[in-house]
Amino acid sequence: MSVDHVEETEGDGEAAVTTTAATAALHYYSVAPGVRLNVRSGPGTGYGVVRVLPEGAKVPIFCQRPGTSVTGPYGTSNIWDNIANGEYVADAYVLTGSDGYVAARCA
């Protein structure tokens, strides 16, 4: 799934995402409690930080891809979650309820 654009809303720091598919089925996942999570330009710690999610953030997962292995509150994983166009977070910090992929692999 591709992301057409991301629009920041005032106040809560969450982004409204418009996609080419119906957004009604889009699920948001919680970031680990007490964590301000780095959002990177690619699937790995070698990519630059494009922004930081605030504590209590929830993120959509449009697709996932392998990258740098990261250890976080939910284990060690090399899975990276695409949360917006060109924006990735380490899956080890996102409560997906699974140790594996929960979305399609990014193209």
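Leaving aside neighbours within four places in sequence, with which residues is Val31 in contact? In this predicted model, Val31 is in contact with Leu37, Leu53, Ala57, Val59 and Tyr93, where contact means heavy atoms within 4.5 Å. Residues are numbered from 1 along each chain as its sequence is written, and side-chain values use heavy atoms, with hydrogens and water left out. Local features need pLDDT of at least 70 and side-chain atom pairs count only at pLDDT 80 or more, whereas totals for chains, interfaces and linings use all residues.

The confidence of the prediction is considered next. The mean pLDDT of the protein is 85, with 78% of its residues at 70 or more; pLDDT is the predictor's confidence in each residue, from 0 to 100. Over residues 1-22 the pLDDT stays under 50, and the model has 34 contacts beyond four places in sequence for this stretch. Where pLDDT is low, predicted coordinates should not be read in detail.

Val31 belongs to the largest nonpolar core, which has 13 residues. A nonpolar core is a set of buried Ala, Val, Leu, Ile, Met, Phe, Trp, Tyr and Cys residues joined through side-chain atoms within 4.5 Å. Buried means under 20% relative accessible area, exposed over 50%, and partly exposed in between, with a 1.4 Å probe and protein chains only. Val31, Leu37, Leu53, Val59, Ile83, Val89 and Val94 are the members that touch the most others. Strand 3 (28-31) and strand 4 (37-40) each contribute at least two residues to this core; strands are DSSP runs of E with at least two residues, numbered from the N terminus. A second, separate core has six residues, including Cys63, Val70, Trp80 and Cys106.

Two of these members also form a disulfide, Cys63 with Cys106, at an S to S distance of 2.0 Å. A disulfide is a pair of cysteine sulfur atoms within 2.5 Å, and a search of the whole structure finds one. The link is right-handed, with 95° about the S-S bond. It connects distant parts of the chain, 43 residues apart: Cys63 is in strand 7, and Cys106 is in the segment after strand 10 (94-95). Cys63 counts as buried because its relative accessible area is 8%, and Cys106 because its value is 16%.

Strand 7 (residues 63-72) runs antiparallel to strand 8, and seven bridges join them. Two strands pair if DSSP finds at least two bridges between them. A hairpin connects strand 7 to strand 8 through two residues, and Arg65 has Trp80 as its bridge partner in strand 8. Ser77 is placed in strand 8 (residues 75-84) and is buried, with a relative accessible area of 12%. A polar atom of the Ser77 side chain lies 2.9 Å from the backbone nitrogen of Ile79. Not counting residues up to four places away in sequence, Ser77 touches Thr68, Ser69, Val70, Asp91 and Ala92.

Two bridges join strand 3 to strand 10, and Ser30 has Leu95 as its bridge partner in strand 10.

Ser41 lies in the loop between strand 4 and strand 5 (49-53). Ser41 counts as partly exposed because its relative accessibility is 35%. Its C-alpha atom is separated by 6.2 Å from that of Tyr88, 47 residues apart along the chain.

Key
Helices (H or I, at least four residues) and strands (E, at least two) are DSSP runs, numbered from the N terminus. A polar contact is a pair of N or O atoms within 3.5 Å; within protein, one must be able to donate a hydrogen and the other to accept it, and residues adjacent in sequence count only if both atoms are side-chain atoms.
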